[in-house]
Amino acid sequence: MTMNATIIEAINDALHEELANDDRTLVFGEDVGQSGGVFRATDGLQEAFGEERVRDTPLSEIAIVGAAVGLATYGYRPVAEIQFSGFLPPAFDQLVTNASRIRWRTRGELTAPMTVRMPYGAGVRALEHHSESLEAAYSHVPGLKVVIPSTPHDAKGLLLSAIRDPDPVLFMEPKHVYRSFREEVPEGTYTEPLGEAAVRREGEDVTVVSWGAMMHKTLEAVDELDGVDCEVIDLRTISPLDRRTVVESVKKTGRCVVVHEAPKTGGFASELVATINDEALLYLEAPVERVTGFDVPVPLLAMEDYYIPHPPRIAAAIEETVDF
Amino acid sequence: MTDETRPSPPRSPDAGVRGIRQEDVSIDTYRVLGPDGSPDIDRLPDFDADTFRDVYRWMLLQRTFDDRATKLQRRGRLGTYASGQGQEAAIIGSGFALADDDWIFPYGREAGALLMHGLSMRDLLLYWRGVEDASRMEGANVFGLAISIGSHIPLVAGMGWGMKLDDAERVAFANLGDGATSTGAFHEGLNFAGVMESPCVFFCQNNQYAISLPFEKQTAADTVAQKALAYGVDGIRVDGNDVLAVYNAVTEARRRALEGRPVLVEAVTYRRAAHTTSDDPTRYRDDDEVEEWARRDPLERYRNFLAEAGYLEEVDEDAVRAEVDDQFSDAVDAADAFERRGVEAMFEYLHEETPPELRRQRREYEQFLADHPEMYDYIEQRPKG
């Protein structure tokens, strides 16, 4: 049996599944309970599982993430929501100082099997501090997994894996495409493996790598390109990175374009370029191109469209790489 | 380590241990006007009739601004908007108590106080249209809106510290909501201000909701004001729907702040509108509650006072409303006339001197846009953005 679901509905379904599967699973955060979340990700969960397990918290990002660490080390499976990625920075301390290194510092005695979900990215005309893509910064924290789905099927399967993962996972949800399309999603419980990329299109000419909301801009660009046979990789997990899939593809095509929404400098594309440099340099027939946001804050809503890497930029980079 | 185990002494009852309990703290809620507008004569501020009327005009302006801004958003001519409906007494009473030299750190709902402080209505509209230039806050000692809740509070402590170092007769004034009192920034900022003896007023408009979360789930404390004690600063609790009480409370808080005693003021009020235009409050609160607070309307209460005091006869309410309406329409026209910006706006002002890589990104992007007009299929500049 399948359901025709959007990403947000698939996330809701995953939470529903795991709350039903494991009574040590807890969902909490700002406005997640009675109102069902500002994006409706937790709609109906409190009604189904009660206020003890689906809990509205005070407006306290530090305590939401810190409490998740405490609950997790005590044996619960917390799934905390940060309402917008722009509000995570105060709680970054808890991820860096506690969540990510608790296993390491206690030599495995204590662990933090916790998930922090949050919508990220631009394009929904939100207010200031609601549109950031800081995945590269989070991927720089050893011990923290960073997962970014781009489809409803993956959103559900990856979120279930994240909740079941024995270590902390930051689950970044592409809010720009929360509701922009539907696909068939299996009912019931299934998992998609963390740390494995998905090949969205097989091709011979050039490897195009992206994730999250930009995956869709990338596919739009690729599908409109005539005469270029693109292999498209959806990373799905930024950390740990599926180096093998990227490297094998680049060895085959000899060319690569990386697309992300975050600023260019220090963006995750840099890590991919370095990986290709390490493992496939001699296969390259062109420099690896990056199509990214700019080294500026995401503009307020009036100009945010200028910031986002739209398909013409992606298409141009692919053509340039192929014609090099 | 020895083989010794933890001793298990008998668990005796309290043995006289007392400490302090929640119920030991009680703070009066300060009022000037009764629910029907009847005043406590001894507490009336020393205003002349025109000033009493002016307060009313500003409250009307706040309400009109919120009404019209919300309608503008519904028509797609403004971005997400956060209304102060129901909080007019807290907003205007506090704004009235400040001096032009004071700095206001806004939290979003206090249009009237910012306009009173010298901000142009056009710029306020432009901010909600997502135009960065609005945050210049030209001509007013107004800081950028603290959209990240509570993030401004340590800044207020710091600016107040600077004012003290300068021996300046001015205060740093923060607006914040009840939700902000749960953030780490709030606790650290208040404690810091207390230690530095910064001339700061932290004005919490406790409107009972942080989006969907009611105040009683925000904190186990009975009041916001009592939190002041933990930081060694003063706390004042005031009826936030009584504009004259708020004026007196903030005036007193400001006086103490100038003496080096930061003050946390809690104005007890109610957010009658949605959290923002993106929110649907019917999911989490009853109409009955909203109606009950509508009956405690701060404008109505103050209007009753004015009428009883004989000040209202000289107020042509229709004329005041019309004037405020015109002012808003002019501001919309001015915002519409704001020059359309080019892509360079995105790259400017991040650094005093733009680094070479960013200059290159801008140059290449400008060229790309010129060469690829199809980019504009994806770029929609919002209303006169």
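**A strand and its neighbours in chain A**

Begin by selecting residues 77–81 and 115–120 of chain A: strand β4(A) and strand β5(A) pair in the parallel sense over three bridges, where strands (E, at least two residues) and helices (H or I, at least four) are DSSP runs numbered from the N terminus, and two strands pair if DSSP finds at least two bridges between them. Within this pairing, A:A80 has A:V116 of β5(A) as its bridge partner. This is a predicted model, in which local features need pLDDT of at least 70 and side-chain atom pairs count only at pLDDT 80 or more, while totals for chains, interfaces and linings use all residues. Residues are numbered from 1 along each chain as its sequence is written, and chains are lettered from A and ligands numbered from 1 in the order in which they are written.

Is β5(A) mostly covered or mostly exposed? It is mostly covered, with six of its six residues buried, a residue being buried if 20 or more other C-beta atoms, placed from the backbone, lie within 10 Å of its own. In a regular strand the side chains alternate between the two faces of the sheet. Colour A:T115, A:R117 and A:P119, which point one way from β5(A), and then A:V116, A:M118 and A:Y120, which point the other way.

**A helix in chain B**

Among the buried residues of α6(B) are B:F186, B:L190 and B:F192, and what covers its buried residues includes α5 (153–165), β4 (200–206) and β8 (263–268) of chain B. Just after α6(B), look at B:E197, which takes a positive phi of about 55°.

**Where the chains touch**

Finally, show both chains together: 42 residues of chain B are in contact with 36 residues of chain A, contact meaning that the C-beta atoms of two residues, placed from the backbone, lie within 7 Å. On the side of chain B that touches chain A, the largest share, four residues, comes from α14(B), which covers residues 356–371.

How values were computed
Buried ≥ 20, exposed ≤ 12 C-beta atoms within 10 Å, placed from the backbone.
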